[in-house]
Amino acid sequence: MNITGNFVGGKVCFSSSQETIPVYDPASGQEVRQLTQATAAEVAETIGVAHRAFDSWSATTPLRRARILFNFKMLLEQHADELAAIIVSEHGKVWSDAMGELTRGMEVVEFACGIPHLIKGEFSSDVGTGVDSYSLMQPLGVVAGITPFNFPAMVPMWMFPIALACGNSFVLKPPALAPTAAVRLAELLKQAGLPDGVFNVIHCSNEDAEQLYTDPRIAAVSFVGSSGVAEHIYTTASANGKRVQAFGAAKNHAIVMPDADPEATVNAIMGGAFGSAGERCMALPVVVAVGDATADNLVARLTPLIQALKVGPGCLRGSEENKMGPVVSDIHQKKVLGYIDKGVSEGASLLVDGRKSRPAGHENGYYVGGTLFDHVTPEMTIWREEIFGPVLGIVRMPDYASALALINSHEFGNGSAIFTSSGHTARQFVHDVQAGMVGVNVPVPVPMAFHSFGGWKRSVFGALNVHGPDGVRFYTRMKTATVRWPQGQQTTSEFSMPTLG
């Protein structure tokens, strides 16, 4: 049985404890490898390795850092099939979705390659007589990332390319359910020319991972996961003097107006709700239909499409590819199935039931078929809580104002969308909805790498978002110099606040 190791100081290594945990292929339910589990002391030493690597890496010129990232991008392209196969085998998503994840991650690498421009700071000459002022954007030190199972390659690449480009060293804790892609990324970074110790991957228990947001050698931490954990990490790390960006849960809604294009809207909803088996923080689990006629039309069109969803293992490609793979684990499968049971017991109308999805030859896999509820109301658990599975609910509202009020009443504000042919309505929605990312006739409005990703309300904790301009700001701190050279030196002492004019 293969063992996925840690990657520390430029090499793969295994825990001295010899403790491992199994990693399963969600499509078959079979164990595919073991995962080493570091001890608390080994986590501390990994932080030390990154700490010792920081000085020389931060002194490396931004242009040299960018060239290493250019090499890394080239290697990602060359090894895309290998990385996608790892993602499919541990997460379960279909092949094209795994390739899409890698593409979106590589876009952040491409953005980070522009670091000489992104951190060049500002300059003002003659702010006073013979006095110039300029700013520097300098790295923080050792930074940490704790990432979720649903995007085992993309979410780490939201973080570390920009962090490394800015001159920081990095410690990554990947998810135990899908750990191997992170180690392969580390190997490719080394092959690209990254010095040993600058990027490290450590697998450990959640308790031992607390060092990543309490150890004084860590300057900042990035997290993506549930809101409860995000809030805990934000509170704890902040109390320990760290900069924090912590992204939590979501319950994204899409309003469908009566004037929306029916076919385009339904196709968009299908991808938004059921892509990656609904295991996306930007998935679309709730459609708010304005008017009963709109809802009836949606239900009539969606029902046969959901019933016909081709569900099965993610390893097939091309015309043989399934539309949806399994969910990530047996525990998560039980959780999603429990939400469907809850929706039925609380009175929602179950129109398509995915609870008995068992693809032939893969009966032991962790499958949940596409599921559709109608007449979902705000009192129901399936409206309030993030299901993180292939379950779509239709909420009926009489008009735009009540639909908007429903969305804005939710505790989460990650993303939201509207489907309409009216530019006025769309513009009003973009301005009024309380969500950090908004789509107009776009079901999954994930920003490109050169913009920043982040939600509102309990979907995020911390002031700065991930990648884009916020990512650069998060991984640097600004220093401003005010400079007067010898010919302009003052000849008398001044004891009042300098005005320099």
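Mentor: A salt bridge is a side-chain nitrogen of Lys or Arg within 4 Å of a carboxyl oxygen of Asp or Glu. By this rule the count here comes to 21 salt bridges. This is a predicted model, in which local features need pLDDT of at least 70 and side-chain atom pairs count only at pLDDT 80 or more, while totals for chains, interfaces and linings use all residues. Residues are numbered from 1 along each chain as its sequence is written, and side-chain values use heavy atoms, with hydrogens and water left out.

Trainee: How many helices and strands are there in the chain?

Mentor: Helices (H or I, at least four residues) and strands (E, at least two) are DSSP runs, numbered from the N terminus. The chain has 16 helices and 23 strands.

Trainee: What radius of gyration does the chain have, and what would a compact globule have?

Mentor: The radius of gyration is taken over C-alpha atoms, and the globule rule is 2.2 Å times the number of residues to the power 0.38. For 501 residues, a compact globule would have a value near 23 Å; the chain has 25 Å, which agrees. Along the principal axes, the C-alpha atoms fill a box of roughly 85 × 60 × 40 Å.

Trainee: What percentage of the residues count as buried?

Mentor: Buried means under 20% relative accessible area, exposed over 50%, and partly exposed in between (1.4 Å probe, protein chains only). Of the 501 residues, 57% count as buried. Accessible areas come from the Shrake-Rupley method with a 1.4 Å probe; for residues, only the protein chains shown count as cover. The accessible surface of the chain is about 20400 Å², and 54% of this belongs to carbon and sulfur atoms.

Trainee: Which contacts in the chain join residues at least 24 apart?

Mentor: A contact means heavy atoms within 4.5 Å. Among contacts between residues at least 6 apart in sequence, 72% join residues at least 24 apart.

Trainee: How many positive and negative side chains are there?

Mentor: Lys and Arg count as positive and Asp and Glu as negative; His and the chain ends are not counted. The place of a charge is taken as NZ of Lys, CZ of Arg, CG of Asp or CD of Glu. The chain has 37 positive and 46 negative side chains, and the centres of the two sets lie 4 Å apart.

Trainee: Where do glutamate 77 and lysine 73 lie?

Mentor: Side chains of opposite charge can pair when their charged atoms come close. Glutamate 77 and lysine 73 are both in helix 2 (residues 62-78), four residues apart, or about one turn of the helix. Their side chains meet in a salt bridge of 2.3 Å, N to O. Glutamate 77 has 46% relative accessibility, so it counts as partly exposed; lysine 73 has 11%, so it counts as buried.

Trainee: What do the side chains of aspartate 292 and arginine 396 form?

Mentor: They meet in a salt bridge of 3.2 Å, N to O. Aspartate 292 lies in helix 11 (residues 292-307) and arginine 396 in strand 17 (residues 391-397), so the pair ties together parts that are 104 residues apart in sequence. Aspartate 292 is partly exposed, at 49% relative accessible area.

Trainee: How far apart are the closest N and O atoms of arginine 355 and aspartate 353?

Mentor: They are 2.8 Å apart, and the two residues form a salt bridge. Arginine 355 is partly exposed at 25% relative accessible area, and aspartate 353 is partly exposed at 39%. Elsewhere, salt bridges that share partners join Asp292, Asp296, Asp374 and Arg396 into one network.

Trainee: Is threonine 303 buried or exposed?

Mentor: Threonine 303 has a relative accessible area of 16%, so it is buried. Its place is in helix 11. Not counting residues up to four places away in sequence, threonine 303 touches Leu351, Val352 and Leu372. Threonine 303 and leucine 372 are 69 residues apart in sequence, but 7.4 Å apart in space, C-alpha to C-alpha.

Trainee: Where is tyrosine 367?

Mentor: Tyrosine 367 is in the loop between strand 15 (349-352) and strand 16 (371-374). With a relative accessible area of 0%, tyrosine 367 is buried. Residues it touches, not counting those up to four places away in sequence, include Ala27, Val311 and His362.

Trainee: Which residue has a positive phi of about 55 degrees?

Mentor: Alanine 277 has that value, although it is not a glycine. Alanine 277 is in the loop between helix 10 (262-274) and strand 14 (286-290), and at 1% relative accessibility it counts as buried.
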